[in-house]
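Reader: I'm new to reading protein models. Could you walk me through how to look at charged side chains?

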Amino acid sequence: MQKIRNIEALRFIFAVIIVYFHIFHSNLISLYENSSQLHILSDKCCSASYIVELFFIISGFFLYRTFDKHKNSTVFEFATGKFFRLWPVLAFSILCSYILHIFGLININGYNNFFNLLLCQCNGISLQYEGINWYVSSCFWALLFYFTLLKNCKANIANWIIALITYFSYVGIVNIGFGRIVIYSFISLGILRGLAGIGLGYLVGLFIDNLNRVQLNLKIHTKINYIAISIVEIYCLTFLIQNFVFHQINCNNPMIFIFVFVILFILMIYEKGLLSKILDNKISVFLGRYSYSIYVMQQTAFWIMQNSIWKNRSLILNHLTMCIIISLLFSILLGVIVYHLIEKPFVDFYKKQINYIS
């Protein structure tokens, strides 16, 4: 499927922001608890943890857009495709952690990694729900569930079921919290977040298609409409970036980020404003392709830095801005390298195998 270029730009932007968030939380903050400057910066970006919900929404939208292409595939074929799309980079990150563990640089539980390799980190089967890459397993199982539902139900019925699951999943996680633990002994909040976000992304795709069918496709005939939409686009992206990086929002309901992102997302798809047109370029696609590897490999980057520059207390406390920039650039660079060494070769190999078999 052809990439939606401005959406690829959003994926990259938010991938970089969540790396920035993780540099502080559970990393620099735990190493330098007495630094007031670190605490101030980490408090300002604490809302960036909700960026994962935006990634789920993007995945759900593309599930909707690609379902017709895959509707003749079996559930097993769909699961296999998704598994080999997500697994190689995740497996490589686990291999890196094992190597670092052998050299005594980090301490990990090898049994937990066994569950992680099976994409079971945060679906309730594994007792391990901490760590950055929990998102991968939740995304995989939620996508598989919705694909199975769409394959085995009539479209109208499936759409209503997805709408109900999405609504009640958000009700649950908003009132219980955007966590990952298992509640009531059998409900995984990680899976619930995946079902909520992917379901919402699917419904956004359905909503856009229905608007197009009744010819309410936001046709622009005046400069006033163009300016108005441009202002909304810029405001939505600015609101998200500001509150993810520079400001701790006073609102205690994270759904505000999801609502604002959905508005921005729909406007990006229609591409009727200034921002959506600016981001519609080849550079966006070029950067967006690295998003997944950057996200998955950030933990490995942090482990490396914990045993190198982050051990230099003078550098951290006296040159914090430079340290953060170096840490961010190193995490991005590692993701780019792993994309070319692992992600892209595996994806290309899998596509060739599928074509050969078919």
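Reader: Is Arg193 buried or exposed?

Author: Buried means under 20% relative accessible area, exposed means over 50%, and partly exposed is in between, using a 1.4 Å probe and protein chains only. Arg193 has a relative accessible area of 3%, so it counts as buried. Bear in mind that this is a predicted model, where local features need pLDDT of at least 70, side-chain atom pairs count only at pLDDT 80 or more, and totals for chains, interfaces and linings use all residues. Residues are numbered from 1 along each chain as its sequence is written, and side-chain values use heavy atoms, with hydrogens and water left out.

Reader: Which residue forms a salt bridge with Arg193?

Author: General idea to start with: side chains of opposite charge can pair when their charged atoms come close. The rule for a salt bridge is a side-chain nitrogen of Lys or Arg within 4 Å of a carboxyl oxygen of Asp or Glu. Here Arg193 pairs with Glu53, and their closest N and O atoms are 2.4 Å apart. That links distant parts of the chain, 140 residues apart: Arg193 is in helix H8 (residues 189–213) and Glu53 is in helix H3 (residues 51–70). Glu53 is buried too, at 0% relative accessibility.

Reader: What counts as a helix?

Author: Helices are DSSP runs of H or I with at least four residues, strands are runs of E with at least two, and the numbering starts from the N terminus. This protein has 15 helices and two strands.

Reader: How many salt bridges does a search of the whole structure find?

Author: Five. One of them joins Glu343 and Arg85, at 2.9 Å from N to O. Glu343 sits in helix H15 (residues 320–357) and Arg85 in helix H4 (residues 75–102), so this pair ties together parts 258 residues apart in sequence. Glu343 is buried at 3% relative accessibility, whereas Arg85 is partly exposed at 31%.

Reader: And what about Asp348 and Lys344?

Author: They form a salt bridge as well, with the closest N and O atoms 2.9 Å apart. Asp348 and Lys344 are four residues apart in helix H15, so about one helical turn separates them. Both ends are partly exposed: Asp348 has 28% relative accessibility and Lys344 has 33%.

Reader: How many positive and negative side chains are there?

Author: Counting Lys and Arg as positive and Asp and Glu as negative, with His and the chain ends not counted, the protein has 25 positive and 13 negative side chains.

Terms used:
The place of a charge is taken as NZ of Lys, CZ of Arg, CG of Asp or CD of Glu.
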